[in-house]
Amino acid sequence: MSTAARLISGSAASWAQIAVNMASQIVLVPIYLSYWDAETYGVWLAIQGIMNTLSMLDLGHQNFLAYEFLRLGHNDRAALGKYLWSGVVMGLIISLVQLVLIILFIFSGTLAFLLGESGIENNSLLNAAAVALFLQGFSWIVFATSPGLIGRALAAFGYFPRTAWWGVVSVTVTALAPLAAVIMGADLMITSLVLVIGAAVYSIPIYIDFFKLLKKENIGFVKPSLSLGYTNFRKSLPLLGKSLFENVRQQGVRLILTPLSGPVGLVAFSTMRTGANVALQGLNTIINPLLPELMRFLHARDQPRTESAFATIWILVIAVMAPGVVILQAFIEPLYVLWTQNKVSFDPLLFAFLSFGVLVYAVVQPAMAVVIGNNLTKTQLALTALAAIIVFAVLILSVPVVGIVGAGAALLLAEISAAVGYKVYAKRWLKQNDLQWPSRSFHIAMAALVIAGVSLGSLILAPQLKWIILPVSMIVFAWNVVRYWKILPLIAKQNAKNIVMRVPVISTILSQVLHKLTGSK
């Protein structure tokens with residue numbers, strides 16, 4: 001499978017995950033709020049936030065090994081096998097520690113605090129939350145650690161699209177299983193049990209397929225080395241800290257927000273952040289398949305193809321994401337009120353903060369790819385720690401004063417701070433390795449953010465003028481897209497055309513148009 005084909009298949013699988021996530025989130029919120037009250041749903045969301053944060057203990061280790069697998073790849077299968085199985089053993093140990101932490105959280109009263117104990121009147125709800133969290137911690141040991149590492153190892157042999165399609169199955173079952181349980185009247189505890197059963201159902205064929213692929217690539221079982229496993233774990237600690245801080249910045253804010261605003265406030269924040277989360281996931285559908293190719297270009301010191309990879313991300317921001325955020329801001333409120341069954345009030349300023357934060361995160365993705373792909377772990381740890389500290393500080397100071405809008409401001413300030421740092425370090429690394437940061441392209445991408453920021457502010461201050469603001473902003477966006485296309489490297493333009501032509505529907509339409517044009521002559 002060619003590079004372009006892998007990118008298309010991997011991106012298609014990732015976009016399928018986004019479609020499932022988006023559809024499930026749109027459907028889930030009104031259904032959950034129909035069968036559960038806002039307090040129960042808030043506790044459910046908080047449990048997911050706690051689990052996401054605790055799982056960083058394992059994911060940091062997995063992400064470090066992913067780049068080691070890419071480094072070894074076809075060159076040394078024996079060493080890759082040793083790294084893999086030693087990593088699996090270490091991952092299981094980490095997951096057991098994670099389960100012990102969950103037990104300590106439950107019996108020490110930490111869980112009650114994280115769920116906003118003062119806002120929970122039903123003690124049985126707290127007990128159900130404890131069982132639900134334990135079940136999900138147990139599920140992680142059995143159904144997440146080993147498949148996660150094996151999938152990352154297989155990605156080094158070009159199987160990223162295949163593992164991504166299995167991810168579609170995982171996301172689908174994970175969304176539908178608890179949804180079905182809630183519709184049938186299940187409470188928090190039973191819903192979590194059904195979620196674990198669903199994980200068992202889809203994990204069995206994944207295990208079978210992954211082991212077949214390992215056999216096909218001649219990666220057999222190798223006696224694990226605890227020494228090697230611990231060494232790699234120790235090396236991954238900066239990434240572990242980075243992943244933990246990153247999770248706090250992106251998702252772990254739930255842990256801080258719940259004690260400050262209660263479960264109902266968490267529901268309001270989480271539902272308004274749904275659009276931002278979908279946009280982030282959509283961005284990752286481009287980044288994840290592109291990263292192995294970008295690393296190859298960087299190591300080869302290939303400036304044109306490196307800029308082409310950067311351009312793939314920035315054209316998405318300039319032509320799609322920035323205008324989309326403005327359009328969404330203009331029309332989202334009535335849809336949001338209908339979606340939440342008028343149980344959660346809409347805050348346009350919070351929504352704008354969250355949306356603009358996604359744009360900042362998107363623009364800096366090329367810089368992040370340089371830093372992350374080259375395992376600059378200390379830099380990653382420092383920048384994510386800075387962002388997490390900003391989130392903590394601004395949350396604690398602002399939420400008691402201005403409410404959940406302060407959480408949006410905290411996330412936006414953290415994104416901006418991290419973005420500046422990633423850009424500085426990426427530019428420095430490129431210069432040290434005889435490559436250049438594409439400043440002109442970056443400045444046009446930043447212009448898209450300025451246009452979006454001004455447009456969002458105008459819509460918030462003068463919503464009655466949206467039919468004037470929208471056309472004007474779209475015209476300015478179009479002008480910015482045109483001037484960006486003019487400076488794109490030729491290889492970037494050609495790659496974009498090739499990818500578009502590989503989409504069957506578009507290819508057929510263009511072929512018919514060309515046929516008619518040539519026939520008319």
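Which helix gives the largest share of the nonpolar patch? Helix α9 (residues 188-216) does, with 5 residues. The notes below take up that patch, then helix packing and a salt bridge. The model is a predicted one.

1. **The surface patch.** Helix α9, residues 188-216, supplies the largest share.

2. **α14 against α18: geometry.** Helix α14 covers residues 348-363, and helix α18 covers residues 439-461. Their axes come within 11 Å. The crossing angle is roughly 175°. Angles over 145 degrees count as roughly antiparallel, and α14 and α18 are therefore roughly antiparallel to each other.

3. **α14 against α18: residues.** On the α14 side, the contact uses P348, L349, A352, F356, L359, V360 and V363. On the α18 side, the partners are F442, A445, M446, L449, A452, G453, L456 and I460. Sorted by class, the α14 contact with α18 has 14 nonpolar residues and 1 polar residue. No charged residues take part in this contact.

4. **α14 against α15.** Helix α15 spans residues 365-373. It packs with α14 at an angle of about 50°, and the axes are 5 Å apart. That angle makes α14 oblique to α15. Y361, A362 and V363 of α14 make the contact with Q365, P366 and M368 of α15. By class, this contact of α14 with α15 has 5 nonpolar residues, 1 polar residue and no charged ones. V363 of α14 touches α15, and V363 is also listed in the α14 contact with α18.

5. **A salt bridge across the sequence.** The structure holds 3 salt bridges. One of them joins the side chains of R77 and E217, at 2.9 Å from N to O. What does this pair tie together? R77 lies in helix α4 (residues 77-108), while E217 lies in the loop between α9 and α10 (226-250), so the bridge links parts that are 140 residues apart in sequence.

Definitions and conventions
Residues are numbered from 1 along each chain as its sequence is written. This is a predicted model: local features need pLDDT of at least 70, side-chain atom pairs count only at pLDDT 80 or more; totals for chains, interfaces and linings use all residues. Side-chain values use heavy atoms; hydrogens and water are left out. Axes are lines fitted to C-alpha atoms, for helices over the stretch in contact, and angles run from 0 to 180 degrees between N-to-C directions. Helices (H or I, at least four residues) and strands (E, at least two) are DSSP runs, numbered from the N terminus. Angles under 35 degrees count as roughly parallel, over 145 as roughly antiparallel, 65 to 115 as roughly perpendicular and the rest as oblique. Contact means heavy atoms within 4.5 Å. Ala, Val, Leu, Ile, Met, Phe, Trp, Tyr, Cys and Pro count as nonpolar, Asp, Glu, Lys and Arg as charged, and the others, Gly among them, as polar. A salt bridge is a side-chain nitrogen of Lys or Arg within 4 Å of a carboxyl oxygen of Asp or Glu.
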